[in-house]
Every structure is written in structure tokens, then in C-alpha cells.
Amino acid sequence: MSLSLMNVTVDTDVPPGAVARWWATALAAKLDGDWGTAARVNLPADGAPRLLFIQVPEPKHGKNRVHLDLLADDRDTEVQRLTDLGATVVAHQDESGESWTVMRDPYGNEFCVN
């Protein structure tokens with residue numbers, strides 16, 4: 001048996017196309033489809049899973065159970081670029097010799113930049 005990761009799916013209570021377009025811009029990726037209640041982004045790396053955004057009726061409550069961890073060559077520069085695109089900084093973390101910045105996209109989804 002063989003499995004591979006096809007999509008990372010994110011529920012959203014706002015139009016999925018808006019969320020997908022933001023992530024496509026943030027990740028220099030391609031919007032692969034916008035069907036009104038779902039939208040998909042193809043990541044530029046070979047073999048990377050797609051990001052699939054699906055509209056759900058209920059709003060988000062609390063912290064995401066799953067989030068994206070992004071690796072940057074220059075974290076400060078990328079955090080500023082993402083902030084310029086509409087993301088917000090939640091916190092700067094430094095633990096066990098690792099450091100990262102916790103952020104939210106304009107729609108409230110948390111992610112980290114390492």
C-alpha cells in the first residue's frame with residue numbers, strides 16, 4: 001500500500017477564493033481553482049501537497065489544530081512581507097534553541113514562520 005499527502009485542507013467561514021488567493025500570493029504559488037465553496041492552491045515545490053480551502057457555515061473558535069510551519073531564509077524580511085500582505089504577528093517564540101514567529105493570515109488562520 002502506498003499513500004501520499006494530496007491536500008492540506010483548511011475550513012473557512014469566508015469565501016475560500018479570497019483565502020486561497022492570499023496564500024497563493026504569500027507562497028508564490030498558483031491558484032488552481034475557485035469553485036465558490038472551495039478553492040485550491042498548488043504549491044511550487046515538486047511533490048508538495050496542495051492547499052484546499054473549503055467554506056463551512058460555522059466560524060472559527062480558538063487555535064487551529066493544524067497549522068502551516070513556513071521556513072524562511074530571512075525570517076524578519078518574510079514576516080514583514082507577510083505583514084504587508086495583511087497578516088498579523090501574534091507572538092515571537094524562542095524555545096529549546098529554536099525560534100519562530102506565530103502569525104495569522106487576514107482571515108484568522110494561524111501559521112508560523114521559522
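Which strand gives the most to the lining of the second largest pocket? I looked this up first.

**Entry: ground rules.** I am working from a predicted model, where local features need pLDDT of at least 70, side-chain atom pairs count only at pLDDT 80 or more, and totals for chains, interfaces and linings use all residues. Residues are numbered from 1 along each chain as its sequence is written, and side-chain values use heavy atoms, with hydrogens and water left out.

**Entry: second largest pocket.** I find that strand β5 (residues 68-70) gives the most to this lining, with three residues. Strands here are DSSP runs of E with at least two residues, helices are runs of H or I with at least four, and both are numbered from the N terminus. A pocket is an open set of points on a 1 Å grid over the protein atoms alone, where a 1.4 Å probe fits, with protein on both sides within 12 Å along at least five of seven lines; lining residues have an atom within 4 Å of a point. The volume is about 160 Å³, taken as the space filled by probe spheres set on points joined across faces, edges and corners. I note Leu68, Asp69 and Leu70 among the lining residues. The lining has ten nonpolar, no polar and one charged residues. Nonpolar covers Ala, Val, Leu, Ile, Met, Phe, Trp, Tyr, Cys and Pro; charged covers Asp, Glu, Lys and Arg; the others, Gly among them, count as polar.

**Entry: largest pocket.** I read a volume of about 570 Å³ and a lining of 26 residues, with Val10, Asp11, Lys60, Asn64 and Asn109 nearest the centre. The lining divides into eleven nonpolar, seven polar and eight charged residues. Its largest share, five residues, comes from β1.

**Entry: core.** The largest nonpolar core has 18 residues, and Trp22, Trp23 and Phe111 are among those with the most contacts inside it. Such a core is a set of buried Ala, Val, Leu, Ile, Met, Phe, Trp, Tyr and Cys residues joined through side-chain atoms within 4.5 Å; buried means under 20% relative accessible area with a 1.4 Å probe, protein chains only. Six core residues, the largest share, come from α1.

**Entry: rings.** I count three aromatic pairs in the whole structure. Rings of Phe, Tyr and Trp (its six-membered ring) pair if their centres lie within 6.5 Å; planes under 30 degrees apart are stacked, over 60 edge-to-face, the rest tilted. Trp22 and Phe111 are tilted, at 6.1 Å and 50°. Trp23 and Phe111 have centres 4.9 Å apart and planes at 75°, so this pair is edge-to-face. Trp23 lies in helix α1 and Phe111 in strand β8, so the pair ties together parts 88 residues apart in sequence.

Technical notes:
Buried < 20%, exposed > 50% of the residue type's maximum accessible area, 1.4 Å probe, protein only.
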